[in-house]
Amino acid sequence: MSAEEKGAAARKAAGAKSASGYFRDPARRPAAAFAVGLGCLLLAFHHAGLPRLAPSYLAAWTCLLALPAGALPVAIMIERADAWRPQPETALLETLRGLLVLMPVAAILALPIPLIAALLYPAPESAGPDGPLILFGNAPLFLAARLGLYFALWTGLALLFARRGGEPWAKAGRIDDGRAALGLGLHTVVGTLAAFDLVMAVGTDPGLRFHASAFGLLVLAAWSSLALAAAILVAPPDVGPARRRHDRLTPLAVLLLVWAGLHAVQFLMLGAAADPEAAAWYRLRSSFYGRVLALSGAGIVALAAALILRPGENRTRLVAALAVGLHLAELFWFVTPAFRGTFRLGLTDLLALAGVTGLAMGLAPAIRRLIPGLAVTPAWPGRERLKGRMGAAAGDTRRKSVVRPPEAS
């Protein structure tokens with residue numbers, strides 16, 4: 001055993017004796033994340049109680065759902081836009097496909113929602129025309145059945161459009177235009193119904209809910225923008241032929257502009273119609289923090305549009321980080337004011353978000369093993385080959401030169 005291997009073994013043995021070393025072990029990291037997430041949720045339950053934790057958990061869960069549900073259409077569109085390019089996939093596209101593994105994780109973490117439906121949704125006799133299949137009300141059984149149908153379709157789409165990182169184009173099996181259009185259409189329908197059922201119908205007071213046909217598209221745009229921004233933050237820069245692709249800031253700016261346009265159109269249409277329910281819905285969300293969120297969104301969209309003229313890696317990551325924070329706050333803005341009378345982020349919201357994140361990090365590795373058809377951890381094409389070449393070159397420099405003795409004549 002070399003000196004470096006002995007030192008690594010000694011450090012591992014010393015770290016195993018401490019709590020930090022135990023939880024930093026990659027093999028124990030999922031279990032540690034799951035334990036921390038469960039602890040955060042229990043702390044939030046002890047701090048605020050179940051009636052206040054329920055809307056925070058729903059909003060945090062929609063933040064998790066936004067990653068795979070938003071990554072699915074973006075991955076399809078990027079693949080079809082690059083279908084004619086005979087080049088390897090980019091790290092961004094592989095990262096988006098890697099997010100699809102969170103779809104079964106979101107399905108598992110949705111199990112508590114039907115159990116706390118009485119705290120989130122109106123009773124059947126007072127529901128009104130608030131969503132699809134509202135004839136059955138928001139009883140736990142029917143809500144669980146609808147969630148099961150949504151996630152069965154979403155998981156099927158994730159299995160269809162997922163790829164394993166590093167596979168060449170010929171073996172990856174490109175998705176043709178017909179299946180891509182069918183997948184986008186089905187995802188739009190399922191996402192719209194889920195947004196109606198889970199987000200637009202929240203609140204036990206029927207007078208504080210409004211009905212807008214474009215609300216589903218608005219939520220889908222927010223999910224896609226959040227997923228793309230998160231993928232930009234995670235994915236490393238491309239190397240090799242993939243580096244000659246379009247800059248990542250352009251699709252993010254386009255999604256942000258679409259999202260802002262849907263917000264503006266919905267607000268203007270509802271304001272022009274003078275709908276009292278819509279006015280009440282916006283009044284709950286027009287507090288000081290709500291105005292700050294709206295102005296921040298406008299500023300981020302303007303910044304992204306301006307930086308398209310001079311894109312760069314650092315500028316792109318800055319816009320992506322701002323977009324992630326904006327959309328996470330927006331998903332809470334959709335849900336929590338219906339129960340608090342105003343929009344504000346509190347300790348319960350942060351604990352719920354940390355709890356859902358920890359549970360998702362703990363469940364994701366198990367889902368990868370149980371469902372191998374979903375994308376595994378991205379290989380990020382080009383970087384592995386670069387590491388291999390660098391490692392081979394380093395090995396050549398460390399290898400001692402061997403001079404063969406002259407053969408005996």
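Glu-94 is buried, and Arg-97 is buried as well, where buried stands for a relative accessible area under 20%, exposed for over 50% and partly exposed for the range in between (1.4 Å probe, protein chains only). The model is a predicted one, in which local features need pLDDT of at least 70 and side-chain atom pairs count only at pLDDT 80 or more, while totals for chains, interfaces and linings use all residues. Residues are numbered from 1 along each chain as its sequence is written, and side-chain values use heavy atoms, with hydrogens and water left out.

Glu-94 and Arg-97 sit three residues apart, about one turn, in helix 5 (residues 91-98); helices (H or I, at least four residues) and strands (E, at least two) are DSSP runs numbered from the N terminus. Under this assignment the protein has 19 helices and zero strands. Of its 409 residues, 46% count as buried, and the accessible surface comes to about 20200 Å², with 68% of that area belonging to carbon and sulfur atoms. Such areas come from the Shrake-Rupley method with a 1.4 Å probe, and for residues only the protein chains shown count as cover. Among contacts (heavy atoms within 4.5 Å) with a separation of 6 or more, 83% are between residues 24 or more positions apart.

**Salt bridges**

Side chains of opposite charge can pair when their charged atoms come close. With a salt bridge taken as a side-chain nitrogen of Lys or Arg within 4 Å of a carboxyl oxygen of Asp or Glu, the count comes to four, and the table gives some of them.

| Glu-94 | Arg-97 | 3.5 Å |

Asp-197 counts as buried at 3% relative accessibility, and Arg-146 is buried with a relative accessible area of 5%.

**Arg-248**

Arg-248 is found in the loop between helix 12 (215-234) and helix 13 (249-273), and with a relative accessible area of 13% this residue is buried. The side chain of Arg-248 reaches the backbone oxygen of Pro-236 at 2.7 Å. Leaving aside residues up to four places away in sequence, Arg-248 touches several residues, including Ala-91, Leu-92, Ile-232, Thr-316 and Arg-317. The C-alpha atoms of Arg-248 and Glu-313 are separated by 8.4 Å, although the two residues are 65 apart along the chain.

**Partly exposed nonpolar residues**

Phe-34, in helix 3 (residues 29-48), is partly exposed with a relative accessible area of 34%. Together with Leu-38 and Leu-42, Phe-34 makes a nonpolar surface patch of about 270 Å²; patches are made of residues with over 30% relative accessible area and no salt bridge, like charges being joined within 9 Å and nonpolar side chains (Val, Leu, Ile, Met, Phe, Trp, Tyr) within 5 Å.

Ile-108, placed in helix 6 (residues 102-109), counts as partly exposed at 35% relative accessibility. Not counting residues up to four places away in sequence, Ile-108 touches Leu-363 and Ile-367, and its C-alpha atom is separated by 9.8 Å from that of Phe-151, 43 residues apart along the chain.

Notes:
Polar contact = N/O pair within 3.5 Å; in protein donor to acceptor, adjacent residues only side chain to side chain.
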